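Have the model open as you read, and start with the contacts of one residue.

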Protein chains: 2
Amino acid sequence: MKNTNSVTVFAPASVANVAVGFDILGFSVDGIGDEVTVSLHEEKGRVEITEISGIVTEIPKDSSKNTASAALAAMIEYHRLPYGFSVRIKKGIPLGSGMGGSAASAVGAVVAANALIKQLGSPTLSLEDLLQCALQGEKVASGAIHGDNVGPCLQGGLTLVLPTEPMKMLSLPAPENVFCVLVHPDLKVETRHARGILKREVPLLKSTEQSAWLAGFITGCFRNDLSLIRSTMKDVIIEPQRAALIPGFFEIKNEVLSRGALGFSISGSGPSVFAWAEGKTLSEHIAQTARQLFQKQGITSQAWVTPLTAPGARVKNNP
Amino acid sequence: MKNTNSVTVFAPASVANVAVGFDILGFSVDGIGDEVTVSLHEEKGRVEITEISGIVTEIPKDSSKNTASAALAAMIEYHRLPYGFSVRIKKGIPLGSGMGGSAASAVGAVVAANALIKQLGSPTLSLEDLLQCALQGEKVASGAIHGDNVGPCLQGGLTLVLPTEPMKMLSLPAPENVFCVLVHPDLKVETRHARGILKREVPLLKSTEQSAWLAGFITGCFRNDLSLIRSTMKDVIIEPQRAALIPGFFEIKNEVLSRGALGFSISGSGPSVFAWAEGKTLSEHIAQTARQLFQKQGITSQAWVTPLTAPGARVKNNP
């Protein structure tokens, strides 16, 4: 008989927006993530955060404000689960980094709970169902329902999330031998703030231009056409408004592109930035370049080179 | 030796916007088009419209206002052609119909001139070069450079036009066994007017939503996924603003969708409307339904059922 005490899930960081697809496109990242351990709570319907550890501890334990517990509460409510859950979160994703930390905790929680109820013999939820629950968690953090971190964190890889009802995830083909360089400067940007500074209106001309870049980029992914990806991987709406939150952004961007990156933009709501580049050697070189340029601004940073096809949240162990 | 007196080109009508891709996406139509005959003019650098016939005769002959001659003037200027051209246009596309008539005349002219200079032994222009010239013609008609009629009319099929410099055409795969039902009510909408009523700003939320439909639609085309095309083939920005120009638009839309069409929207700037539907039988049925509903409004109309893979402009004969 399986041990049903608890399930631990690793939920990866993710890069949202991907320059061209504000609030709809993202991809999972390899090796960085949150670990969420879910066990049964004796009180049905109750969700309790019992421990927050790892590199971030200042996030709310209050169940109504924590993305993991909000996601689990939605799971219990929507699917009338006859359970309560205790949650331990080990944060591996820096807070306010634009690397999808709040989404990862929410996704980790629902994936762990789903594995737990499976062990208990209950019917499990589909990936689409888990998406809806995790989105309710994400809403607590960002104030808006958008799935561009939750989607890729849940299913892995380059993921498009459509605002159908219910929201729907689609996998897009990632170009071959292209890596993501993700650089996290030691700054903090609140998602709510980064959303708050965005103008609520977009000029029609800009909106049309951006739609062309998005359409060309997706076509480039399906055709594995790096030249097309290079010429379309741009953000003319969001990046110009948020770049000021990241010291030296345009200098780094210009340098990284001149070194051969396919594209460079802000990861989610920042301050992390990312590039796509062909081959691991160039990617490592670009990571170093970006870190040096942040250093020039007096900002320390960490960098990772990761494939675009990293898997989504998965059960890590079953202690 | 070939006869180099003149070349006649058939340039097809086209459906621009295709619901999801305002100003960037379009496809060519089978069997409806303009015929443009180009011959050498004795005066170098001169472009003269000598005849306009067919179903439309009230378009300007003045070379600076006619899309065909403006396109040819651009061709002579950009490529320093040592020629002048005389142009006869036989219009098969109704004026102000939203079926890409001005683009067709411009494209027909440059394709015919290109075939003519080939006969004369001059180096010919590439399709991309012809695109730039035809766009200059289209600009005269609509007051803006947008390639969503010119692109598909030139290369045929479902075509994405990117605002790179120079602009670039991409072919998208059309879903199998899907037809376009194109319905032209006997009303006239000036492109300039239909553009003029558009708000210059779009709410960010709408722009984001529309980008999701576009991304999903393109994914659906690449995957030949009709269900995905059905759930994403929408226009939440332009159609709501222009629908009022077309009496009974929403009634027709609802009816056509309830009969099984994959999508329904305005063709270009209207008043023509179009649907995509699976199979020829359903498409014919939808054509009839739409015509009957226009008739209920006291509006006569014509309808065509056409494949999504109709060829672009081609030399018709060489009299």
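1. Val181(A) is in contact with Phe274(A), Ala275(A), Ala277(A), Ser283(A), Ile286(A), Ala287(A), Ala290(A), Ala303(A) and Val305(A), once its neighbours within four places in sequence are set aside. Contact here means that the C-beta atoms of two residues, placed from the backbone, lie within 7 Å. Val181(A) and Val181(B) touch the most other members of the largest nonpolar core, which has 210 residues. Such a core is a set of buried Ala, Val, Leu, Ile, Met, Phe, Trp, Tyr and Cys residues joined through C-beta atoms within 7 Å. As background, nonpolar side chains tend to be buried together in soluble globular proteins.

2. A word on conventions: this is a predicted model, in which local features need pLDDT of at least 70 and side-chain atom pairs count only at pLDDT 80 or more, while totals for chains, interfaces and linings use all residues. Residues are numbered from 1 along each chain as its sequence is written, and chains are lettered from A and ligands numbered from 1 in the order in which they are written.

3. Now the domains. Chain A is divided into domain 1 (6-172 + 309-317) and domain 2 (178-307), with bounds from an automatic or database domain assignment. Their centres, taken over C-alpha atoms, are 24 Å apart. In the contact between them, 27 residues of domain 1 of chain A meet 33 residues of domain 2 of chain A. On the domain 1 side, strand E1 (6-16), strand E2 (25-41) and helix H3 (127-142) of chain A each supply at least two residues, and E2(A) gives the largest share, four residues. Helices (H or I, at least four residues) and strands (E, at least two) are DSSP runs, numbered from the N terminus.

4. Which element of chain B gives the most to the side that touches chain A? The contact takes 31 residues from chain B and 31 residues from chain A, and H6(B) gives the most to the chain B side, with 13 residues. By class, that side has 16 nonpolar, ten polar and five charged residues. Here Ala, Val, Leu, Ile, Met, Phe, Trp, Tyr, Cys and Pro count as nonpolar, Asp, Glu, Lys and Arg as charged, and the others, Gly among them, as polar.

5. Two strand pairings are worth a look; strands pair if DSSP finds at least two bridges between them. Strand E8 (residues 201-203) of chain A pairs with E8(B) in the antiparallel sense over three bridges, and Pro203(A) has Glu201(B) as its bridge partner. Within chain B, seven bridges join strand E7 (residues 178-185) to E11(B), again antiparallel, with Phe179(B) partnered by Pro307(B).

6. Finally, two helices. Asn224(A) follows H6(A) with a positive phi, near 55°. Helix H2 of chain B has 16 of its 19 residues buried, so it is largely enclosed by the rest of the structure. Just after H2(B), Gly121(B) takes a positive phi of about 90°.

Notes: A residue is buried if 20 or more other C-beta atoms lie within 10 Å of its own, exposed if 12 or fewer, and partly exposed in between; C-beta atoms are placed from the backbone.
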